[in-house]
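Let's take a friendly walk through a protein model together. Have a look at the chain first, and then we will go through its features step by step.

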Amino acid sequence: MHRKQDLPQKQCAQCLRPFRWRRKWARCWQEVRYCSERCRRDARRSRGQEKTS
């Protein structure tokens, strides 16, 4: 069993909070940029607003 402190960690591109590896990200950990679906959705929304401005 792994301890949570021993798992890899990244910083979310949207909220800038640290988040740790999750089992569902085992195959795509290199591509993961956001800590949650909410941050991913908010990032897409803010990018769309920048283009229209």
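What pLDDT does the protein average, and what share of the residues score at least 70? The average is 89, and 92% of the residues score at least 70. Here pLDDT is the predictor's confidence in each residue, from 0 to 100.

Before going on, note that this is a predicted model, in which local features need pLDDT of at least 70, side-chain atom pairs count only at pLDDT 80 or more, and totals for chains, interfaces and linings use all residues. Residues are numbered from 1 along each chain as its sequence is written, and side-chain values use heavy atoms, with hydrogens and water left out.

Confidence is highest in strand E1 (residues 9–11), with a mean of 96, and lowest in helix H1 (residues 37–52), with a mean of 86. Helices (H or I, at least four residues) and strands (E, at least two) are DSSP runs, numbered from the N terminus. Where pLDDT is low, the predicted coordinates should not be read in detail.

Next come the aromatic rings. Rings of Phe, Tyr and Trp (its six-membered ring) pair if their centres lie within 6.5 Å; planes under 30 degrees apart count as stacked, over 60 as edge-to-face and the rest as tilted. By this rule there are three aromatic pairs. One of them joins Phe19 and Trp25 edge-to-face, with 5.5 Å between the centres and 75 degrees between the planes.

| Residue | Relative accessible area | Class |
|---|---|---|
| Phe19 | 5% | buried |
| Trp25 | 10% | buried |
| Leu16 | 53% | exposed |
| Lys4 | 58% | exposed |

Leu16 is found in the loop between E1 and strand E2 (18–20). Its phi is near 65 degrees, a positive value in a residue other than glycine. Leu16 and Tyr34 are 18 residues apart in sequence, and their C-alpha atoms are 8.9 Å apart.

Lys4 belongs to the segment before E1. Its C-alpha atom is separated by 37 Å from that of Gln49, 45 residues away along the chain. For Phe19 and Gly48, 29 residues apart in sequence, the C-alpha to C-alpha distance is 25 Å.

How values were computed:
Buried < 20%, exposed > 50% of the residue type's maximum accessible area, 1.4 Å probe, protein only.
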